[in-house]
Amino acid sequence: LRANVSTSPAPTLRLGMLQSIQHYAQNKLAESGAQDTAYARHAAYFVREGRRNAAATSTAEKLEAVTWLASNRQNLFAVCERFGDSRPALAVASSLALQPLLAERDPTEPHRNHLRSAIGWARAAADDIPLAELLLHRANLELEKGDADSALALVTEAHEVLGETRAPVLRATALAESSRILHRLGRLVESTAVLDEAEPLARAHGAHSVLARILSQRGLLALSTTTSEPQDYLRDALQLAKRSGDRSMEARILGNIGVEHLVRGRLVEAEAAMLDALELHRSHGARSQEGLIMGNIGTVVLALGNRESSETWLREAIAIHRELGNTFLEAADLSNLARTLIELSRIHEAIEHATSALQQIEETRGARERLICQCNLAIAYACIDDVPAAQKTLELARRSTSFWQTQKNLLNLAEAHVGFASARAEAAPLDDERVTKANETLRQLLEQRDRLFLPLQSLERTAKHYPNPAPVLDIAAATSQG
């Protein structure tokens, strides 16, 4: 329906009946002189309901809560814009209500710009606890973007703002986030020490969801250090997440359990846990976590031997990372895609993706991801007999000080590939030491069960056809060798 007003020679076409009613109501409100009171009352309503629904995103009612936030995001943004200068505390509360929605569904850059403003409002309001919350949200965003140093600085500021006595649960959350960043940077001892400080805080105040996060982080650290068994931490974390009703945390821990199965070589169990996690994340519309899990599933199905399916999963994951601006996960899955392309014998394509990934990883300072990508790139170079490049890249991987123990199988795999390529370049016989060592590495990897989730088909092809090159399906690679 449309309404026309013919008070002028040229009638003005209104956009529609609802907009006509809105204009009428706004005019009446302005005439009444109660406009500011009405705006404040409506703002208070949206902030109150927004904060309630934001809190509910960590409960079994997450779907309903996220739906409400998505339906009212423009109203919450309007509160921020209208009251940012005059009533900054109200704008901060509205911004905090938006964070669960923005973190999971919005691209990084607009979210970052909003957080910059919100942190400014929080400083103006001189309220430390909301300021610390916003700093933690910004830290998580910077970590996803790949700037671990900035993320750590923001978390450190949040912890300093809170001090040693206020908001113990929020302090435990800040410490858990600090541990996650330190883990990313390869500072494993410091990461563990921070968790040792966070866990008693969470336990003393019955913060089951935060404690679940801490135990899950301990499980991931155990996978990186091999000093303890991760499954106990992860099992306890999952029980706590279920007890707290935090379905989002439950989904994340299921994903971590899938990773634990993967690195133990329990591939069917890994796929099942990750698919369960993916279903939960999708039911909540958690796009960033959906992309993370899809990338991990791509790694699992490659280890199960389904190379084409692995490529599909990884490309879909990379598309989500790019959509959201998650540079770190994009780089990690570009490296994983390179590994899949090696197994598909599309070597030059693999080198292109691995090189791009390595450049992004250098910028995001992912220590573990750098080591994995360097190994993948060394393998790809070896597959096309570019021995100097393969040896140089492998040497860079060997210099890793944080994750080499947990990635020693991947390092050994890369060394075997480079050994075959080096021997073949010199037309060395089958009893050459490099060939013998590479064959022995292959035998050990095939026999190993613990921590073996690596596809070995490309190395088996190389060993089978030595001293001739393994068959290459990549036309560009074949041409360069011919």
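**Contacts, charges and salt bridges**

Let's start with contacts. Take those between residues at least 6 apart in sequence: 61% of them join residues at least 24 apart. Keep in mind that this is a predicted model.

Now the overall picture. The protein has 24 helices and two strands. Its C-alpha trace spans about 95 × 65 × 35 Å along the principal axes. There are 482 residues, and 54% of them count as buried. The exposed surface comes to about 21,700 Å², with carbon and sulfur atoms supplying 52% of that.

On to charge. We have 54 positive and 61 negative charges, and their mean positions sit 4 Å apart. Side chains of opposite charge can pair when their charged atoms come close. How many salt bridges does the structure hold? The count is 35. I'll show you a few.

First on my list is helix α9, which covers residues 168-184. E177 and R180 form a salt bridge there, at 2.9 Å from N to O. The two are three residues apart, about one turn of the helix. R180, at 26%, is partly exposed.

Next, helix α15, residues 287-303. R287 and E290 meet in a salt bridge here, at 3.5 Å from N to O. Why are they about one helical turn apart? Because they are three residues apart in that helix. R287 is partly exposed, with 26% relative accessibility. E290 is at 10%, so E290 counts as buried.

Now look at E426 and R434. They form a salt bridge, and the closest N and O atoms are 2.9 Å apart. E426 has a relative accessible area of 55%; that is over 50%, so E426 is exposed. R434 is partly exposed at 25%.

Some residues link up in a network. Which ones? E109, R112, R138 and E142 are joined by salt bridges.

Find N336 in helix α17, residues 327-343. The N336 side chain makes a polar contact with the side chain of D333, at 3.0 Å. Leave out residues up to four places away in sequence, and N336 touches T299 and L314.

That's my tour. Questions, please.

Key. Residues are numbered from 1 along each chain as its sequence is written. This is a predicted model: local features need pLDDT of at least 70, side-chain atom pairs count only at pLDDT 80 or more; totals for chains, interfaces and linings use all residues. Side-chain values use heavy atoms; hydrogens and water are left out. Helices (H or I, at least four residues) and strands (E, at least two) are DSSP runs, numbered from the N terminus. Buried means under 20% relative accessible area, exposed over 50%, partly exposed in between (1.4 Å probe, protein chains only). Contact means heavy atoms within 4.5 Å. Accessible areas come from the Shrake-Rupley method with a 1.4 Å probe; for residues, only the protein chains shown count as cover. Lys and Arg count as positive and Asp and Glu as negative; His and the chain ends are not counted. The place of a charge is taken as NZ of Lys, CZ of Arg, CG of Asp or CD of Glu. A polar contact is a pair of N or O atoms within 3.5 Å; within protein, one must be able to donate a hydrogen and the other to accept it, and residues adjacent in sequence count only if both atoms are side-chain atoms. A salt bridge is a side-chain nitrogen of Lys or Arg within 4 Å of a carboxyl oxygen of Asp or Glu.
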